[in-house]
Amino acid sequence: MRASTRRRIIGLAAFLVALEMSILGFALWKSSTPQGERASLPSPSPSPTSPSPVTPSPPARSPFHIGVQVHGYVGDPRDTLRVVRQVGFPWVKQQVLWSMHEPEPGRYDWGILEGFLIVAERDGVKVVLSVVTAPEWSRQEGGIHGPPDRPEDLARFLQTLIRRHRGRIHAIEVWNEQNLRREWQTSRGLRPEDYVRLLRVAYTAVKAEDPRILVISGALSPTGIDDGVNAVDDFRYLKGMVDAGFLPYADCVGVHHNGYNIGPDVWAEEAPSLPEARTARFRGPFDNPHHSWSFKSTLWGYQEIIGGMKPLCVTEFGWASAEEYGVIPPGFEFALDNSLEEQARWIVEAYEHMREWGFIEMAILWNLDFAPKGFGPEKDDNVLYSIVDTRGVPRPAFSALQAYLAALRPEP
């Protein structure tokens, strides 16, 4: 999605903030497994050709896990997880910058991630980690916004991460929006078979270390751009992943969607006939119908492409609203069309639709707290999706989710 680039900037900037949290991280670290400054590399994961692929069977009706993405590298993780529990989310997602945590081969700097995982475990919140950005040392081409030259380097990082934090990690998403050049920078281009090779090695490593961890394929960015250089249409890329044999190497198929300015129950072809089509400032869904504008069309399209062989994990979804701000970053005009009430209603409706559809195992809202930890609504599109505002005050979606999640919990 378009927010990814700025999210990386926030993540890197968060490193400086995280330094201030070193005292907390050290105190929590003392209660966990001891670690030397330099860890020995674990044994390489099995060869990508082992074990032999097994044709997956269609899943039974999946459980439905609900969570939210947080900016856990900024601020005290105890405060972040307290707000997660206040809303009632049983799952939380945090993006992990591999490039930050292994700056040199075999030297690991866990920083604030350590404290975050310990607090989540203490509070009984399950954790999804989305692992991205290969260290420069792992890429002959340089830069961090692309895959490692050797998938085995990622495998070793994942094994070390799991061993260090055993029992605290419940799901791992392998990469993010790899159908976009800004996320998958390599001279080989945007090739689904290259991603599947990385996924296969990562999956094998994770399962060898802890078979209980749910492995999610990297969610694609829904996009109508299909030039093969800057982006590949997500439906076409996903079909390429299927052809390359990825299904045996994912427990769940990752999906992203940010709902633009139509609700979660609207098919792409229905948008031009909506009453809002006459007044909307952002015209994309109404003047140029395409699945990428529609939450419903995207999710059902993925289900059809994979033939129902695996459940979907929606690791990022939400609706942006700029109602109380009145300003937006360029390209996010749709946030001016969405009221705060619509944001709240559409999020809850989306959760309920996904729960009823039956082929979705996990749904992670984007996002909890990027507004008070971000750079303001005129510069940072992540602010517009947050369910608290820039002052940390809950938006209507916050209380709507509290009520919805409370109603889902079984009575004692």
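The paragraphs below go from the whole chain to individual contacts.

This is a predicted model, in which local features need pLDDT of at least 70 and side-chain atom pairs count only at pLDDT 80 or more, while totals for chains, interfaces and linings use all residues. Residues are numbered from 1 along each chain as its sequence is written, and side-chain values use heavy atoms, with hydrogens and water left out.

The chain has 14 helices and eight strands; helices (H or I, at least four residues) and strands (E, at least two) are DSSP runs, numbered from the N terminus. Of its 412 residues, 61% are buried, where buried means under 20% relative accessible area, exposed over 50%, and partly exposed in between (1.4 Å probe, protein chains only). Contact means heavy atoms within 4.5 Å. Among contacts between residues at least 6 apart in sequence, 76% join residues at least 24 apart.

Ten of its 13 residues are buried, so H5 is largely enclosed by the rest of the structure. Those buried residues are Ile112, Leu113, Glu114, Gly115, Phe116, Leu117, Ile118, Val119, Ala120 and Asp123. Just after H5, glycine 124 adopts a positive phi of about 75 degrees.

Axes here are lines fitted to C-alpha atoms, for helices over the stretch in contact, and angles run from 0 to 180 degrees between N-to-C directions. On the H3 side the contact is made by Pro77, Arg78, Thr80, Leu81 and Arg85, and on the H5 side by Ile112, Gly115, Phe116, Val119, Ala120, Arg122 and Asp123. H3 passes H5 in a right-handed crossing, a crossing being left-handed if the near helix is turned anticlockwise from the far one by less than a right angle, and right-handed if clockwise.

Two further helix pairs can be described in the same terms. The axes of H6 and helix H7 (residues 192-209) come within 9 Å and cross at roughly 25 degrees, and the two helices are therefore roughly parallel to each other. Pro151, Glu152, Leu154, Ala155, Leu158, Gln159, Ile162 and Arg163 of H6 make the contact with Arg197, Leu198, Val201, Ala202, Ala205, Val206 and Glu209 of H7. Helix H12 (residues 340-357) and helix H14 (residues 396-408) pack at about 25 degrees, with their axes 8 Å apart, which makes H12 roughly parallel to H14. H12 passes H14 in a right-handed crossing. Residues that meet there include Ile347 and Tyr351 in H12 and Ala400 and Tyr404 in H14.

Aromatic contacts come next. A search of the whole structure finds 26 aromatic pairs; rings of Phe, Tyr and Trp (its six-membered ring) pair if their centres lie within 6.5 Å, with planes under 30 degrees apart counted as stacked, over 60 as edge-to-face and the rest as tilted. The rings of tryptophan 98 and tryptophan 137 have centres 6.3 Å apart and planes at 90 degrees, so this pair is edge-to-face. Tryptophan 98 is in helix H4 (residues 98-101) and tryptophan 137 in the loop between strand E3 (126-132) and helix H6 (151-164), 39 residues apart. Tryptophan 98 is buried, with a relative accessible area of 0%, whereas tryptophan 137 is partly exposed at 30%. Tyrosine 108 and phenylalanine 157 form a tilted pair, 6.4 Å centre to centre with 35 degrees between the planes. Tyrosine 108 lies in the loop between H4 and H5 and phenylalanine 157 in helix H6, so the pair ties together parts 49 residues apart in sequence. Elsewhere, Phe295, Trp300, Phe317, Trp319, Trp346, Tyr351, Trp357, Phe359 and Tyr404 form one aromatic cluster.

The whole structure holds one disulfide, defined as a pair of cysteine sulfur atoms within 2.5 Å. Cysteine 252 and cysteine 313 form this disulfide, with their sulfur atoms 2.1 Å apart. The torsion about the S-S bond is about 105 degrees, so the disulfide is right-handed. Cysteine 252 sits in the loop between helix H8 (234-243) and strand E6 (253-258), and cysteine 313 in strand E7 (residues 312-318), 61 residues apart. Both cysteine 252 and cysteine 313 are buried.

Definitions and conventions. Angles under 35 degrees count as roughly parallel, over 145 as roughly antiparallel, 65 to 115 as roughly perpendicular and the rest as oblique.
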